[in-house]
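Hi,

Here is the structure I promised to send over.

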Amino acid sequence: MKPREVLALCREKEVKAVDLRFADFLGLWQHLTIPVGKLEEDVFEDGLGFDGSSIRGWQAINESDMLLVPVPESAVLDPFTALPTLALICSVQDPITREDYSRDPRHVARKAANYLRGTGIADTCFIGPEAEFFVFDDVRFDQNAHEGYYHVDSAEGEWTRGRAEGPNLGGKLRHKQGHFPCPPADRLMDLRNEMMQAMIQCGIDVEAQHHEVASGGQCEIDMRYQELVRMADQVCHYKYVVRNVARRNGKTVTFMPKPLHGDNGSGMHTHLSLWRDGQPLFAGTGYAGLSDIGLYAIGGILRHAPALLALTNPTTNSYKRLVPGYEAPVNLAYSQRNRSAACRIPMVSSNPRTKRIEFRCPDPMANPYLAFAATLLAAIDGIQNKLHPGDPFDRDLYDLEPEQRARVAQAPRSLDEALEALEHDHDFLLRGDVFTDDVIATWLAYKRAQEIAPLRLRPHPYEFCMYYDA
């Protein structure tokens, strides 16, 4: 879509407002809204000024002026606003140099896609993420000098079996038994259908929706794979839709990887494939029908996985999901069909066009632009350096003998460990100037100062259970 076509769409749909959106450094959508009359063709070239100093991880107050430059092909009618509103994703630029801003996550993703083409390996990277989330009926939490707590609730949670609900009709989902039950046990089918329909209205190609494994409202809606940058855009739309549909139905959504103790957490298993001239490059005659390129891509992802996780699993809560026993892929190994390995080769079809690798570690708190770009760069490094991943593991990796388990590399056990790995292993991210030293340094500093340090300073509620009268 061209700028002129965007303006024609505004007239056709009687749009009254235009919402300009961009992802901050951590991946959360930010926005500002203008009357439709202020959207003229030259805005798509000249941009609109805004204050970048209040955005997490961005500009200092003495260099706060920045530009939002709308991307015309991103135009979507917002399905939630009372006033007819067109949403436009924007690029972020420096108003003096007119260069794309190094810490704009979408710019990083665009550079990754361009770098892939420049290598000659492939011209397209397709990404297919499976972002899971929880729908709760009530949430309360606080942390201050004298108390710290959280409380979440779901009408279908196992913990409500004995609750006086006047009447309690039973049918509550047991922990780890929420995968695919029909209503009435699955109480969220209509809500997910509403989310699915809103996504379709936003131009997202939805493949399926279903309840996920955990009790207490865990869900998944699957999108058809897309080119890397477009898919990162769609993940932002996905989160926006899911949260807003839930809110207008009196419910709340979290993408926290591990909001419930003792049950499965939410991942964002990420499927990746490379193509050149319309042909898939991962299909071949090797293990699980993979080509050498496919195997080397796995080798690169596994080699750099500890550093990758600082971007694909970017919260302290992420590492409460990455523990054995909950389908969490803590083993840095690969396999066909085996969900206990970090990299899996799905065996769903003999069609070579479906051949892909699935990186199972990421979770939905990741900034999709940075996570997808980093994963692609790791795969490229594996291909360029012919990093073979070694032998596959086709048995349950949680059931290995201690001696065997000791030979399988493990994912970092904390965000601290992942950040340390990123600090020592990020040269592969700097290739083609995709990530920059500035981006890496800012990410490390922000995460350590704003997330790890504050958590260390505060007593944890469970510490009272363990130590109060010790």
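Predicted model: local features only at pLDDT ≥ 70, side-chain atom pairs only at ≥ 80, totals over all residues.

Let's begin with the inside. The largest nonpolar core has 127 residues, and the members that touch the most others are Leu39, Phe133, Met195, Leu274 and Phe435. If you click on phenylalanine 435, you will find that its contacts, leaving aside residues up to four places away in sequence, include Val108, Leu311, Leu370, Ala373 and Ile440. Leu429 and Leu430 are also among the residues that phenylalanine 435 touches. Another core, of five residues, lies apart from the largest one, and Phe136, Val152, Ala214 and Leu260 are among its members. As background, nonpolar side chains in soluble globular proteins tend to be buried together.

Now for the surface. Val139, Phe141 and Tyr150 make up a nonpolar patch there, and together they have about 350 Å² of accessible area. Valine 139 sits in strand β8, which covers residues 138-143. Its relative accessible area is 34%, so valine 139 counts as partly exposed, a class that runs between 20% and 50%.

Finally, a loop residue. Arginine 339 is found between β16 (331-336) and β17 (341-345). With 40% relative accessibility, arginine 339 is partly exposed too. Beyond residues up to four places away in sequence, arginine 339 touches Glu327, Arg344 and Arg360. Proline 352 is 13 residues from arginine 339 in sequence, and their C-alpha atoms are 21 Å apart in space.

Happy browsing, and write back with any questions.

Best wishes

Notes. Residues numbered from 1 in each chain as written. Heavy atoms only, no water. Patch = residues over 30% accessible without salt bridge, like charges linked within 9 Å, V, L, I, M, F, W, Y side chains within 5 Å. Areas by Shrake-Rupley, 256 points an atom, 1.4 Å probe, with all protein chains shown as cover. Salt bridge = Lys/Arg side-chain N within 4 Å of Asp/Glu carboxyl O. Helix = DSSP H or I, 4+ residues; strand = E, 2+ residues; numbered from the N terminus. Buried < 20%, exposed > 50% of the residue type's maximum accessible area, 1.4 Å probe, protein only. Contact = heavy atoms within 4.5 Å. Core = buried A, V, L, I, M, F, W, Y, C linked by side-chain atoms within 4.5 Å.
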